[in-house]
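Subject: Structure handover

Hello,

Here is the structure you will be working with. Please open it beside this email and read along.

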Amino acid sequence: MTAAPAPVRLLRRALRAPEADRANALPAGAWWLWALGLATAASRTTNPLLLGLLIGVAGYVVAARRTDAPWARSYGAFIKLGLFVVALRLVFSVFLGSQIPGSHTVLTLPEVPLPDWAQGVRIGGRVTAEQLVFSLYDGLKLATLLICVGAANSLANPARLLKSLPGALYEAGVAVVVAMTFAPNMVADVVRLRTARRLRGRPTGGVRAVAQIGLPVLEGALERSVAVAASMDARGYGRTAQVPAAVRHTTNVLTLGGLLGVCAGTYGLLAAQGAVYGLPLLLAGLVTAMAGLRLGGRRSVRTRYRPDRWGVRAWLVACSGATVAAAMIWAGAVDPEALHPGVVPLTTPVLPLWPAATALMGLLPALVAPVPPSNRAAADRPARRGKEQA
C-alpha cells in the first residue's frame, strides 16, 4: 500500500480534531447555542421523520463528544423523560379526548357525563386514529426539545458556563449552575448505589429498595450543598462594589426591557405568524439587554481566571446549530405542508430533502470539537489492532 502524498497528510492532520484538554475545551456557551439551534428547529415542525433525524443528530454528537463527568451521564435520563412525555400525551388524548375530528375509530371508551358548564370537555368516548397520530406528533416535538436540552446539559460543563456569564448575572448564574448540577449528580449517586447493592446481592427494585437508596442520595446532596456554600463563602461570594443609584435604576430598566424584548422576539420566531416582527424585536432586545448587563457589571468586583476563548471550532459548533434553526424556519415559510404532515385525512409523512440535509449539519460538532481522552483511546484501539495484524 502506497503512502498518501504529503499535502493530503497535512490536510488530514489539520482537519483531525485534537484531544480535549483544559486549554482547547469548547466554551459551554457554544454547546448550548448548538443545542438551542436544534431545539428551535424541532419547534418548527411536527414531521416525525425530521424530529427523529434531529434526535439522532443530537444523540450521535453526545456519544462522540461527551466525557466521563457526572453531568455527562444525564442524557439517558432526558431520553426517558422524553419517552414519558410522549406516553403521557397519548394517555391524555385517549382519556380526555381531542378536538381533532376523525373517521377511523380505534376504540370506544365509556364516556363520563359532565355538567353543562364543562361544555367542550369530555372524559372517555370515541378514540380515533387521527387524534392519536396528532398527539404522537405533538408529544414527539416536545420530547425532541427535552432531548436537545439534555444534549447540552451532557456536553457543557456547568462550571465553565458560569465563567462565561456577565458580571451582572454572576449571582443568578451560581444559583442556576448549582440547580443544573444537582440532577446529574443525583443520577450518578443512584447509579452508584444501585451497582453497590447489586454486587452485594441485594434487590435494586421495589418500594423498599427505593426507600433504602433514597436516604443516601439525599444525604449526599446535602453534603454537596454544604460544601458548595462553604466554598462560596471562602471565595467572597456576594461582595459587590458601590455604584450610584441612577446607574442601578438605568441598569434595571435596560436589562428588564431587553429581556422582555428577547422573550417577545423569541415567541414571534417560534410562532407561525410572528416571524416578521420576531427577528427585529429579538435583535433590539438583545442589544438593550447587553447594554444593561454591561452597565450592571460594574457592581462585580471579581476577576476571571483563564477565561474561555472562542476559537474557530467553537464558532463552527455554534453556527452549525444556528444554521439548522434558520433553515427550518425558512422551510416552514416556503413549504409548511412538508414540515407539518396532515392528520385529517391521514397521510404518510414525507422526508423533505433539503431541510433534512440541513439538519445533518448539526453533526459538525462530532467532527470539529476536541475529542475527550476516553473517546480518543476507544477510537484508536481498532486502528492500532489493524496495524498489528497487518
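How far apart are the axes of α3 and α5, and at what angle do they cross? The axes come within 10 Å and cross at roughly 15°. That makes α3 roughly parallel to α5, since angles under 35 degrees count as roughly parallel, over 145 as roughly antiparallel, 65 to 115 as roughly perpendicular and the rest as oblique. Axes here are lines fitted to C-alpha atoms, for helices over the stretch in contact, and angles run from 0 to 180 degrees between N-to-C directions.

Some ground rules. This is a predicted model, where local features need pLDDT of at least 70, side-chain atom pairs count only at pLDDT 80 or more, and totals for chains, interfaces and linings use all residues. Residues are numbered from 1 along each chain as its sequence is written, and side-chain values use heavy atoms, with hydrogens and water left out.

**The chain**

The secondary structure comes to 15 helices and two strands. Helices (H or I, at least four residues) and strands (E, at least two) are DSSP runs, numbered from the N terminus. Of the 390 residues, 34% are buried. Buried means under 20% relative accessible area, exposed over 50%, partly exposed in between (1.4 Å probe, protein chains only). Contact means heavy atoms within 4.5 Å. Among contacts with a separation of 6 or more, 78% join residues 24 or more positions apart.

**Confidence**

pLDDT is the predictor's confidence in each residue, from 0 to 100. The chain has a mean of 78, and 74% of its residues reach 70 or more. Helix α3 (residues 48-65) has the highest mean of the elements, 92. Helix α15 (residues 373-389) has the lowest, 51.

**Helices packed on α5**

Back to α3 and α5. Their crossing is left-handed. A crossing is left-handed if the near helix is turned anticlockwise from the far one by less than a right angle, and right-handed if clockwise. Residues in the contact include Leu 51, Ala 58 and Val 61 of α3 and Leu 140, Thr 144 and Ile 147 of α5. By class, the contact has 12 nonpolar, two polar and two charged residues. Ala, Val, Leu, Ile, Met, Phe, Trp, Tyr, Cys and Pro count as nonpolar, Asp, Glu, Lys and Arg as charged, and the others, Gly among them, as polar.

Next, α2 (residues 28-43). Its axis lies 9 Å from that of α5, at an angle of about 175°. So α2 is roughly antiparallel to α5. Trp 31, Trp 34 and Leu 38 are among the α2 residues in this contact. The contact residues divide into 13 nonpolar, three polar and one charged.

Then α4 (residues 75-96). It packs on α5 (residues 129-155) at about 160°, with the axes 8 Å apart. These two are therefore roughly antiparallel as well. Their crossing is right-handed. The contact has 17 nonpolar, eight polar and two charged residues.

**Pro 365**

Find Pro 365 in helix α14 (residues 365-368). Is Pro 365 buried or exposed? Pro 365 counts as buried because its relative accessibility is 0%. Beyond neighbours within four places in sequence, its contacts are Trp 31, Trp 34, Val 61, Arg 65, Val 317 and Ser 320. Val 61 is 304 residues away in sequence, yet 6.6 Å away C-alpha to C-alpha.

Ala 64 lies in α3. At 17% relative accessibility, Ala 64 counts as buried. Ala 64 and Pro 365 are 301 residues apart in sequence and 9.0 Å apart in space, C-alpha to C-alpha.

Best wishes
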